[in-house]
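Visitor: I have a model to go through. Can you take me through its layout?
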Amino acid sequence: MAVPLKQALRIGWYGINQRYIKRKDKFPFVVELEPLFACNLACNGCGKIQHPHEILRQRMPVEQAVNAVMESGAPVVSIAGGEPFMHPQIDVMINELTKRKKYVVLCTNAELVRKRWDRFDLKPSEYLSFAIHVDGLRERHDESVSKAGVFDEAVEAIKFLKAKGFTVTTNSTFFNTDTPQTIIDVLNFLNDEVQVDSMMISPAYAYEKAPDQDHFLGVTETRELFSKAFGDGNRKRWRLNHSPLFLDFLEGKKEFGCTAWGIPSYSLLGWQKPCYLMNDGYVKTYQELVETTDWDAYGRGRDERCNNCMAHCGYEPTAVLATMGSLKEGLRALREQG
């Protein structure tokens, strides 16, 4: 089961309630919470550590993080960074959010999980899961994070967390240096050998602060890559933590617009406009983000920075909304994810 049925039903009802009962045009499904930008790694496709040192030294207070999530109303919180295990109160933040019945996904490169575990008070909960960053098998992953040995530590961290009773998913980003076979190899390994609970995937997005700007995928490349990787029954066999329509979108079977307000980013600097991949300013509240952002100015054919983006933060919410609006697709999602 890629997504627990209870969680899928709760998120589905939340969306229906917001859209059809409360008649809201814009509302978040997931908040991407970045309580710090500091990281122990320097990944080629990420630019978080490019921030000035005075910002890298900052850690978001727990109360500020919780208040932002509660103000937004989102049922799911994805905690990233930077590296969350470098935040001294990350366990307090997680426990305060799960206490409020928010589904928390802690995203980590896993290198500090076992080293710092005894510093924190974290226990298995239906509201908590870990997302371990794995971009490929050993050589490929270590190259992407610019450090040898990280892949092996990530695998050990997955085993460590599963042994303690936690739900563990993985998050894999693929670049134009990938082939259908490299995708198949790593997802087979995670699905069949490591046996993670589920897997998230995404084409590499043109993050403007990333040190490596040469290996982001274009739309045509993305569709060809995933349509071939998903062949031979792989898509149905893998425990992928995505809506069926988003996977259709990656394959080029569906065309969607971007719904960036569905997975907004909140960091030390505030709510980021329009999404965490682009830096067009920050505001203090989610409501302000919704009301002051010119959403019609973004998307393919409107802003050249969006032209090759197929990232989950913009298109997964669109797929979820499309699923909610169709009985056929809703039943399909329950069948394929349940």
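Visitor: Which strands does helix α7 lie across?
Guide: Helix α7 (residues 150–163) lies across β4 (128–133) and β5 (167–174), and runs at about 165° to β4. This is a predicted model, where local features need pLDDT of at least 70, side-chain atom pairs count only at pLDDT 80 or more, and totals for chains, interfaces and linings use all residues. Residues are numbered from 1 along each chain as its sequence is written, and side-chain values use heavy atoms, leaving out hydrogens and water.
Visitor: What counts as a helix or a strand?
Guide: Helices (H or I, at least four residues) and strands (E, at least two) are DSSP runs, numbered from the N terminus. Axes are lines fitted to C-alpha atoms, for helices over the stretch in contact (heavy atoms within 4.5 Å). Angles run from 0 to 180 degrees between N-to-C directions.
Visitor: In what order do the strands form the sheet?
Guide: Nine strands form an open, mixed sheet, ordered β6-β5-β4-β3-β2-β1-β7-β8-β9. The edge strands, β6 (198–203) and β9 (282–283), each pair on one side only. Pairing takes at least two DSSP bridges between two strands.
Visitor: And β2 with β3, parallel or antiparallel?
Guide: β2 (residues 76–79) and β3 (residues 103–108) pair in the parallel sense over four bridges. S78 has V105 of β3 as its bridge partner.
Visitor: Different topic. Where do α11 and α13 touch?
Guide: The axes of α11 (residues 244–251) and α13 (residues 312–324) come within 8 Å and cross at roughly 125°. L245, F246 and F249 of α11 meet H312, Y315, E316, A319, A322 and T323 of α13.
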